Amino acid sequence: MAAYLTSRIASLVPILFGTSLVSFFLIRLVPGDPAVALLGLEADERAIAALRAQLALDQPLVVQYLTWLGRVLSGDFGRSVQGGREVLPLLVGALGPTAQLSFAAAIVSLVIAIPAGIVAATRRDTAVDYGASFAALCGLSMPSFWLGILLILAFSVHLPWLPASGYVPPLSDPLGFISHLVLPALTLGAALAAATMRMTRSAMLEVLRSDYVRTARAKGIPGRLVVWRHAFRNARIPVVTLLGIQFGQLLGGVVITETVFSWPGIGKLTVDAIFARDYAVVQGAVLLTATIFVLINLATDLVYTVLDPRVRLA
Amino acid sequence: MNAPATALAEAPVSARRWRATLLGRPRAAMGVLLVGLACLCAIAGPFLWPLDPNAPDFAAILSPPGPGHPFGTDDLGRDVLARILNGSSASLLVGLVSVAGALLAGTLIGLVAGYFGGWADTLLMRMMDVIFAFPSILLALAITAVLGPSLGNAVLAIAVVNLPVFARIARAQTLVVGQLDFVEARRALGFGTADILLRTVLPNITAPLIVQGSLLFASAIITESYLSFLGLGVQPPTPTWGNMLRTAISFLDLAPWLAWFPGIAIFVTVLGFNLLGDALRDLFDPREG
């Protein structure tokens, strides 16, 4: 296990190196001087000259990259052009709302997808199965921002039950927080549910065909117990893998959902920064999001080894 | 054409099976129908409904669906149906070019990595891993943000995020096919590497790539709509389904139809490609499904 863990963590090094390179070069792709790009067009000459020196822009690219990497590793992501605030606290502040939204969306999707997938598999080729599978395909085919818009139309415009946008911190007003959370969590959760349901269904079908499930049934174990104790335990493995991948994609989905619902998370921060040409924030957000994404993938692999001991032993 | 007589499971699919799979099953037939409808709108739309999508009619601002404007008008009095028909070509074009580009480049990368192995394999596939290390929408967003919003950059961004998918499939397939006897035979006969890769290996790894392509086409259309919705895709006044929804969000209480129709257009088109992709997968890989 320790050897597996070490090799798995070691494999992160080239990936994280690569993501840092991409984030570094992202700013170099902006036409013109990177110092001007980072400080904005209205910055004065002296500030630009100071930043040029700080970024080592007159040095070779390798030195520039290492200088930048050294600063990032010590927590210095530069300053936002909007108000000159440091980027790191901005990013950290946005992580909370994003984590809350992602977590709520994951719960929404699991509550819908796991039962739906199991029922569809156990009643294969019935109307229930067709209905659930088609609904999942529709969920996959619907751009999430459109679903969000439809939910706003239904529950904020026609039936004024829920706020269409905004955020309230959970500790200051728990009810207000939840009422603001419902629509974005449903929006984000629906797409996730569609993919998870399809995976649960096909994993369950696979397992239900296996010999040991037939043996369990032959022994006279009640159907419900066979499904949950025997079949689902093994069907979880591919589902967890997919969940990990999907949870990572959630980090992409939040960009859109947060923008539609004005949810002040990392996604909205990124989009706002793009429009403000606030490249230091864009760079920091891209690097942070990619790092979290990579770490979630690692966590997925580790959960996988807990669920499936064969991976550990191999 | 060289028809490889091998143990590969991918026997050529007969015309009868094509027909039976694509038209004989309700879901597949629906996919063919929806994709056909979307293509028809993109090609013949302006002739079927010859209103100018960019002509403002200030006497008919935000008018609800009715005679003359079956899908209503927007905040400048432009006809929504004409804009949706016009926008279909942008969506399909971005989807087609970006997926085709990713398919070609990804296949080439996968072929080279799988066939040569060694450091070329490691380097290329590590690069693909790095692209995979970003949530795809975020990476597409970042690329269009730094290069500037335009149709071409949207295509480039979507192609880049899809690259690793094709490269991985092509590599895995090449690893298998490259070991087979007929490839070995070509090598023994003294054919050049390029010849072996393109004329012997490539024809034998295309099926899974095409299946994946049709599924990624669906997601490329969604990604394009995300970019346009955020204002980073094709720029107004040229209509796209995404930028129409961007407008719609300001008028949800006054003109909800602005939000319905472009969304339905995206949904129906993407659903069509997903259904078609599932059908193609069944066709080429009967084990799944």
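A residue is called buried when its relative accessible area is under 20%, exposed when over 50%, and partly exposed in between (1.4 Å probe, protein chains only). By that rule E224(B) is buried, yet it has no salt bridge, meaning a side-chain nitrogen of Lys or Arg within 4 Å of a carboxyl oxygen of Asp or Glu. The nearest side chain of opposite charge belongs to R83(B), 12 Å away; for charge, Lys and Arg count as positive, Asp and Glu as negative, and His and the chain ends are left out.

This is a predicted model, where local features need pLDDT of at least 70 and side-chain atom pairs count only at pLDDT 80 or more, while totals for chains, interfaces and linings use all residues. Side-chain values use heavy atoms, without hydrogens and water.

## Around E224(B)

E224(B) sits in helix 9 (residues 206–229) of chain B; helices here are DSSP runs (H or I, at least four residues), numbered from the N terminus. Its side chain makes a 2.7 Å polar contact with that of S228(B). A polar contact is a pair of N or O atoms within 3.5 Å; within protein, one must be able to donate a hydrogen and the other to accept it, and residues adjacent in sequence count only if both atoms are side-chain atoms.

Leaving out residues up to four places away in sequence, E224(B) touches S91(B), V94(B), I158(B), V234(B) and T240(B), with contact meaning heavy atoms within 4.5 Å.

D74(B) is another story: its side chain forms salt bridges with R78(B) at 3.0 Å, N to O, and with R83(B) at 3.7 Å. D74(B) counts as buried because its relative accessibility is 6%, and R83(B) is buried too, at 4%.

## Where chain B meets chain A

Here 42 residues of chain B are in contact with 46 of chain A. The two chains bury about 3,800 Å² between them, 80% of it on carbon and sulfur atoms; that is accessible area (1.4 Å probe) lost on being put together, summed over both parts. On the chain B side, L138(B), V146(B) and F267(B) lose the most area, together 16% of what that side buries.

The count between the chains is 1 salt bridge: D278(B) pairs with R198(A), their closest N and O atoms 3.5 Å apart. Within helix 11 of chain B, D278(B) lies 3 residues from R281(B), about one turn, and the two side chains form a salt bridge at 3.4 Å. Shared partners link R198(A), R27(B), D278(B) and R281(B) into one network.

Technical notes. Residues numbered from 1 in each chain as written. Chains lettered and ligands numbered in written order. Helix = DSSP H or I, 4+ residues; strand = E, 2+ residues; numbered from the N terminus.
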